[in-house]
Amino acid sequence: MLLVLSAGTVGTLLGRLYYDSGGNSKWVATLTQSGGAPLLAIPLLLTRPSPADERQPAASKMAAIYVGIGVLLGFDNLTYAYALQYLPVSTFSLVAATQLAFNAVTSRLINAQRFTALIANSVVVLTLAAALLGVGSSSDDDTSSSNVPRDKYPLGFVLTLAASAIFALVLSLFEAAFEKVVMARTTRWVLRMQLHTNLVATGVGVVGLFASGDWRTVPEEMETFRHGRARYVMTLVGTAVCWQAAAVGTVRLIARVSSLFANVTGAVALPLVPVFAVALFGDRMTGVKAVAMLMAVWGFLSYVYQQYLDGRREAAGKGDAECCVCAARTPSDTDTASNA
């Protein structure tokens, strides 16, 4: 959860810094979201090897999972890269909350997620928070303070929604892969899944970078970067590292709990990003955003309370089961056990 919150917040801010400082390549921004995958080889080598008798899924199935999810991640990263350029970072982060609503649908259809009134309330409130931003976007004047073209604002809003839907699908596919194919939830498998899918996504980004011709503009972009060549490299490297850390935390939560819980955890970062954006990029904290932030917190607390109730119910169920086992032992059973 700490990785998802801290790394996700910093990664979003660094992505905005790249554009505000003169960066303009969508494919470079796309690569930063998956290009740090080779770094995962280090913790993977340090984890304990799998036992020799551990069940191993078919290589053909895993290859299909890696390629399928990786390609989706590659296009999702590209969509997010465009969206982040066309929206102020605070608005982008809050509109991205709709991925929780999309994830609720995919979790129900793909993962058979159980829904209660509190979970439904959480999803609806977070979705309404993003919709509130969309309604108030015409009067939002913070685009001028963060170098975002006003005529691209509606496009950025639509692209963020599309990227959120794709990402929600990816999370549910990760959960289905762990449950039905991998059938293991160890840290080693989390790193494997993250490493291979992101390598495929990186391949998509590299192909797009060269096919679009954006690679020719990288030297010039580096020279004209507002904070110099060194800051250009540091910004891209820092963004790549942050997104990998956030992704590992997300996949770990999916493996241990569920994709919906991982998504809800990511929603906790919503109140954090706009606060930093106001200080770092000059975004204005409007009344609409303030209300949307409060609704996001309300939605998250609603889901957390449902998790609390589920935990109490599960603990009570275990206690009742133990009582039933004790009650099932008759006096004759006890005497027989004593004689034995």
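Predicted model: local features only at pLDDT ≥ 70, side-chain atom pairs only at ≥ 80, totals over all residues.
A salt bridge is defined here as a side-chain nitrogen of Lys or Arg within 4 Å of a carboxyl oxygen of Asp or Glu. Residues are numbered from 1 along each chain as its sequence is written, and side-chain values use heavy atoms, with hydrogens and water left out.

The chain contains 15 helices and zero strands; helices (H or I, at least four residues) and strands (E, at least two) are DSSP runs, numbered from the N terminus. Of the 340 residues in the chain, 49% are buried, where buried denotes under 20% relative accessible area, exposed over 50%, and partly exposed the range in between (1.4 Å probe, protein chains only). Among contacts with a separation of 6 or more, 86% are accounted for by residues 24 or more positions apart, a contact being heavy atoms within 4.5 Å.

Five salt bridges are present in the structure. In one of them, the side chains of Asp310 and Arg114 meet at 3.0 Å, N to O. This pair links distant parts of the chain, 196 residues apart: Asp310 lies in helix H14 (residues 287-328), and Arg114 in the loop between H6 and helix H7 (117-135). Asp310 is buried because its relative accessible area is 19%, while Arg114, at 45%, counts as partly exposed. Asp310 also meets the side chain of Arg313 in a salt bridge (2.9 Å, N to O). Arg313 and Asp310 are three residues apart in helix H14 and are therefore separated by about one helical turn.

Helix H6 (residues 98-111) includes Gln99. The 14 residues of H6 should span 20 Å at 1.5 Å a residue, and the end C-alpha atoms, 19 Å apart, agree with this value; the expected span is 1.5 Å times one less than the number of residues. Buried residues of H6 include Leu100, Ala101, Asn103 and Ala104. Gln99 is likewise buried, since its relative accessible area is 14%. Its side chain makes a polar contact with the side chain of Tyr80 (3.5 Å); such a contact is a pair of N or O atoms within 3.5 Å, and within protein one must be able to donate a hydrogen and the other to accept it, residues adjacent in sequence counting only if both atoms are side-chain atoms. Beyond four places in sequence, Gln99 touches Tyr80, Ser164, Phe167, Ala168 and Asn263. Just after H6, Ala112 adopts a positive phi of about 55°.

On the surface, Leu39, Ile42, Leu46, Val233, Val237 and Val241 form a nonpolar patch with about 560 Å² of accessible area together. Helix H3 (41-46) and helix H11 (228-256) are the elements that give two or more residues to this patch, and the largest share, three residues, comes from H11. Patches are made of residues with over 30% relative accessible area and no salt bridge, like charges being joined within 9 Å and nonpolar side chains (Val, Leu, Ile, Met, Phe, Trp, Tyr) within 5 Å. Val233 is found in helix H11 and is partly exposed, with a relative accessible area of 41%.

Methods:
Areas by Shrake-Rupley, 256 points an atom, 1.4 Å probe, with all protein chains shown as cover.
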